[in-house]
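This note sets out some remarks on the model for a reader who is new to protein structures. Please keep the structure in view while reading.

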Amino acid sequence: MATKNIPPITAKKAWSHFRTITKHKVYVARECFSVGLYRQGLLHDLSKYSPTEFLVGARYYQGTQSPNNKEREVTGVSTAWLHHKGRNLHHYEYWLDYSTRTDGGINGSGIIPCKMPGRYVVEMFLDRVAASKVYRGAAYTDADPWKYYATGNTRRFLYPETADLLEKLLLMLRDEGEEKTYAYIRAHLYQKSLFPRAKKQKGKR
Ligand SMILES: [Zn+2]
């Protein structure tokens, strides 16, 4: 593990990092407000301003990739990310717990995903929408958040119903657009029906 070449924190990098995380917060807040998630919209990723996360972000600021990746490269672990995922309930990594079951459980015993409350699945969905909008800029389309999800292997870390809801929202966005999807979320946010019923969905994939 290399511990040398730790870059210094400079005012310039701290300012750039501040602007990056604040821009993301403003974007996510805008999306959250449009579905009525006001509190989460205001609190989203707030721990990025804590010294533990902010100083690491400023030290490893790149402009092109996440400072967490640079921290991993230099020290072997991202302390900022470990701090972040433990405090922000819209990250599925927050919901990975130990299973006490010996009969296999969902993914066998050991670390297993737990069911996320619907409003945090929605925040995770909107986080992805906001990030796609910033990343794709003028080229953004409603299909981008699904495309990004589909290239990853996130599903295996999600509780099945959590994955079903996230995928349902991503596909609804792709196929029916933002206005309809956000209206659906607003209508179902505080109802159990936000989660798809147990019976198999005949959705298009
Ligand atoms: Zn976050």
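What is the mean pLDDT of the chain, and what percentage of its residues reach 70 or more?

1. Confidence. The mean pLDDT (the predictor's confidence in each residue, from 0 to 100) is 90, and 87% of the residues of the chain reach 70 or more. Confidence is lowest in strand E2 (residues 110-113), with a mean of 87, and highest in helix H5 (residues 79-85), at 98. This is a predicted model, in which local features need pLDDT of at least 70 and side-chain atom pairs count only at pLDDT 80 or more, while totals for chains, interfaces and linings use all residues. Residues are numbered from 1 along each chain as its sequence is written.

2. Overall make-up. The chain has 9 helices and 2 strands; helices (H or I, at least four residues) and strands (E, at least two) are DSSP runs, numbered from the N terminus. Read from the N terminus, the order of elements is α-α-α-α-α-β-β-α-α-α-α. Of the 205 residues, 29% count as buried. A residue is buried if 20 or more other C-beta atoms lie within 10 Å of its own, exposed if 12 or fewer, and partly exposed in between, with C-beta atoms placed from the backbone.

3. A nonpolar core is a set of buried Ala, Val, Leu, Ile, Met, Phe, Trp, Tyr and Cys residues joined through C-beta atoms within 7 Å. The largest one has 26 residues, and among those with the most contacts inside it are Val122, Phe125 and Leu169. At least two residues of this core come from each of H1, helix H6 (118-136), helix H8 (160-176) and helix H9 (178-188). Because domain 1 (1-88) and domain 2 (116-205) both give residues to the core, it lies between them; the domain bounds come from an automatic or database domain assignment. A second, separate core of 5 residues includes Val56, Ala58, Tyr61 and Ala80.

4. Contacts of Val122. Two residues are in contact if their C-beta atoms, placed from the backbone, lie within 7 Å. Leaving aside neighbours within four places in sequence, Val122 is in contact with Val35, Leu37, Ile185 and Leu189.

5. The faces of H9. Which residues of H9 are buried? They are Thr181, Tyr182 and Ile185. Seen down the axis of H9, these buried residues fall within an arc of 95°, so they line one face of the helix; the arc is that of the directions from the helix axis to the C-beta atoms. Glu179 and Lys180, on the other side of H9, are exposed. The cover over the buried residues of H9 includes H1, H6 and H8.

6. Ser16. This residue sits in helix H1 (residues 11-35). Why is Ser16 partly exposed? Ser16 is partly exposed because 16 other C-beta atoms lie within 10 Å. Not counting residues up to four places away in sequence, Ser16 touches Tyr61 and Gly63. The C-alpha atoms of Ser16 and Gln62 are separated by 9.2 Å, although these residues are 46 apart along the chain.

7. Two positive phi values. Asp45 lies in the loop between helix H2 (38-43) and helix H3 (51-59). The phi of Asp45 is near 55°, a positive value in a residue other than glycine. Asp45 counts as buried because it has 20 C-beta neighbours inside 10 Å. Just after H6, Gly137 takes a positive phi of about 60°.
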